[in-house]
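Subject: Structure handover

Hello,

Here is the structure, with the sequence alongside. My notes on what was found follow below it.

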Amino acid sequence: MGQMLVKEVMASDRLKLVGALEREGHDWVGRDLGLAMGGAEMGLKVSDDALEAFSRAQAVIDFTAPAATVAFSELAAQARAVHVIGTTGLSEDDISAIDRAARHAVVVRAGNMSLGVNLLTRMVKQVAAALDADWDIEVIEAHHHHKVDAPSGTALMLGEAAAEGRGVALADVSDRGRDGITGARKRGDIGFHAIRGGDIVGEHEVLFATPGERIVLKHVASDRTLFARGALKAALWGQDKGPGHYDMLDVLGLG
Ligand SMILES: NC(=O)C1=CN([C@@H]2O[C@H](COP(=O)(O)OP(=O)(O)OC[C@H]3O[C@@H](n4cnc5c(N)ncnc54)[C@H](OP(=O)(O)O)[C@@H]3O)[C@@H](O)[C@H]2O)C=CC1
Ligand SMILES: O=C(O)C1=N[C@H](C(=O)O)C[C@H](O)C1
């Protein structure tokens, strides 16, 4: 995602890239970003000094890993830069830490930056609200074999939307990774299933099943560029907002 973001920022006439980070000890640190990416020289050196880079930025776009994102949220808040977070796999403690940073700066966080998925969450909530618990809800997601977290951030967003529609807390009804003699499905549970293979960009399906019929709501991402474009839209949107923890529904006006 990092390299995709660099390309999208370079292609934009509204954005300017002022820094690029790698972790301390990475062999790109100190090298020209363009050359390191295998292209033309960009005149911008890769750094490992987050606070220095953030202090020169109006926005920080972060698709990394939970520990990095939590640390960056504090530094971005110190620098009063808009922090756009695409990182998934965050724990409740991680999210609380980000909430603390969002008291001082704008944070936009979403497990999926695409318009389609965010619209789908509204549809899932509506369908879940219209159906009772005789309808079993299952969230099925598929991603490339490099992905390290499961369920995906998007699957969790869709599960949250379904739980919200039903008026229950997801934590109380979530059923993940069935294996072995699990017993019959519990009424009202929301199940999660993760497929990992090849270069699948991201596919999410929410299944509502009752005896005799099924409803399937599905989103397919076929190009990662859409996630980068969504994140950049969020960075621009956040420029005139007050401190707070926002999501893509806010950015897209679907909240
Ligand atoms: N919200 C959305 O729309 C989307 C979210 N994602 C999420 O974004 C995240 C990244 O995805 P992806 O790009 O595929 O994953 P990658 O593993 O390819 O990239 C993550 C990068 O973050 C770097 N990183 C980790 N920790 C640090 C640190 N402390 N300082 C600097 N760099 C660090 C890693 O470096 P190193 O290799 O050295 O560890 C790596 O280059 C995932 O959580 C993914 O689920 C992805 C696509 C869309
Ligand atoms: O890791 C990915 O690739 C993706 N991660 C996000 C997620 O966890 O839902 C968004 C998208 O599906 C791609």
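The notes below go from the overall fold to the annotated domain and then to the ligands.

This is a predicted model: local features need pLDDT of at least 70, side-chain atom pairs count only at pLDDT 80 or more, and totals for chains, interfaces and linings use all residues. Residues are numbered from 1 along each chain as its sequence is written, while chains are lettered from A and ligands numbered from 1 in the order in which they are written.

Overall fold

The protein has 10 helices and 9 strands (DSSP runs, H or I of at least four residues for helices, E of at least two for strands, numbered from the N terminus). Its radius of gyration is 20 Å, close to the 18 Å that the globule rule gives for 255 residues, so the protein is as compact as a globular protein of that length. The radius is taken over C-alpha atoms, and the rule is 2.2 Å times the number of residues to the power 0.38. Along the principal axes, the C-alpha trace spans about 60 × 40 × 30 Å.

Annotated domain

An unreviewed UniProt entry carries the annotation "domain: Dihydrodipicolinate reductase N-terminal" for residues 1-113; such annotations may be inferred rather than shown by experiment, with positions in the numbering used here and feature names shortened. That stretch is 38% helix and 11% strand, and its end C-alpha atoms are 12 Å apart.

Ligands

Ligand 1 is surrounded by 21 residues, the closest being Met1, Thr64, Ala68, Gly86 and Phe227. A residue counts here if its C-beta atom, placed from the backbone, lies within 6 Å of the molecule. Around ligand 2 are Thr88, Gly111, Asn112, His143, Lys147, Ser152, Gly153, Thr154 and Gly202.

Regards
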